[in-house]
Amino acid sequence: MIKICFVCLGNICRSPMAEFIMKDLINDKEMSDKFLVESKATSNEEIGNSIYPLAKEKLVENNIKFDVNKKASQLTNEDYDRYDYIIGMEDSNVTSIKKIVNDVDNKVYRLLDFSNDPRDISDPWYTRDFETAYRDIAEGCNSLLEFILKNN
Ligand code: 4NP
């Protein structure tokens with residue numbers, strides 16, 4: 001079982017989009033029983049809240065199924081052993097993740113570091129550009145899955 005946790009600041013926009021895009025890619029490969037995919041926040045701002053409506057809209061537009069009961073939760077130090085890959089959306093997430101967990105096994109990565117064009121995924125909460133965020137996350141998930149299938 002390969003266990004992945006996507007992490008962003010609030011766990012209502014980028015990391016839930018990543019969670020459900022990745023589950024869709026894995027489902028298409030009929031490998032759902034080999035993966036655990038979850039998502040969490042670095043902050044406590046949005047704990048208990050649902051996926052943000054504009055993020056949901058992008059998932060619906062792209063025919064990505066998601067859990068309507070998904071609620072934001074915060075990453076804790078105890079989560080470290082639960083996952084093989086802890087994936088931030090941007091450098092600031094990676095910095096915050098490493099303040100929450102002690103990354104002794106080098107499990108913490110930035111999503112688009114797996115792509116051919118390493119970069120941050122800007123926070124659509126602030127940019128309001130959910131289309132770019134969706135495309136960047138989809139690019140990252142495809143690159144990450146390719147990496148995992150080659151390396152695990
Ligand atoms: P996310 O976006 O990190 O992609 O979920 C955010 C959502 C809410 C907040 C920040 C970022 N907030 O501060 O409430």
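A polar contact here is a pair of N or O atoms within 3.5 Å; within protein, one must be able to donate a hydrogen and the other to accept it, and residues adjacent in sequence count only if both atoms are side-chain atoms. With that in hand, look at cysteine 13, where a polar backbone atom is 2.9 Å from an oxygen atom of the ligand. Taken alone, the ligand exposes 360 Å², and the protein buries 94% of that (accessible areas by the Shrake-Rupley method with a 1.4 Å probe).

A word on the model: it is predicted, so local features need pLDDT of at least 70 and side-chain atom pairs count only at pLDDT 80 or more, while totals for chains, interfaces and linings use all residues. Residues are numbered from 1 along each chain as its sequence is written, and side-chain values use heavy atoms, with hydrogens and water left out.

Back to the ligand. A backbone N or O atom of glycine 10 lies 2.8 Å from one of the ligand's oxygen atoms, and for isoleucine 12 the corresponding distance to a ligand oxygen is 3.1 Å. The residues around the ligand, each with a heavy atom within 4 Å of it, also include Arg14, Glu45, Glu46 and Asp123. This shell divides into six nonpolar, two polar and four charged residues (Ala, Val, Leu, Ile, Met, Phe, Trp, Tyr, Cys and Pro count as nonpolar, Asp, Glu, Lys and Arg as charged, and the others, Gly among them, as polar).

The space taken by the ligand is the largest pocket. A pocket is an open set of points on a 1 Å grid over the protein atoms alone, where a 1.4 Å probe fits, with protein on both sides within 12 Å along at least five of seven lines; lining residues have an atom within 4 Å of a point. A molecule sits in a pocket if more than half of its atoms lie within 2 Å of its grid points. The volume of the largest pocket is about 190 Å³, counted as the space filled by probe spheres set on the points, which are joined across faces, edges and corners. Among its 13 lining residues, Leu9, Gly10, Glu46, Trp125 and Tyr126 are the closest to the centre.
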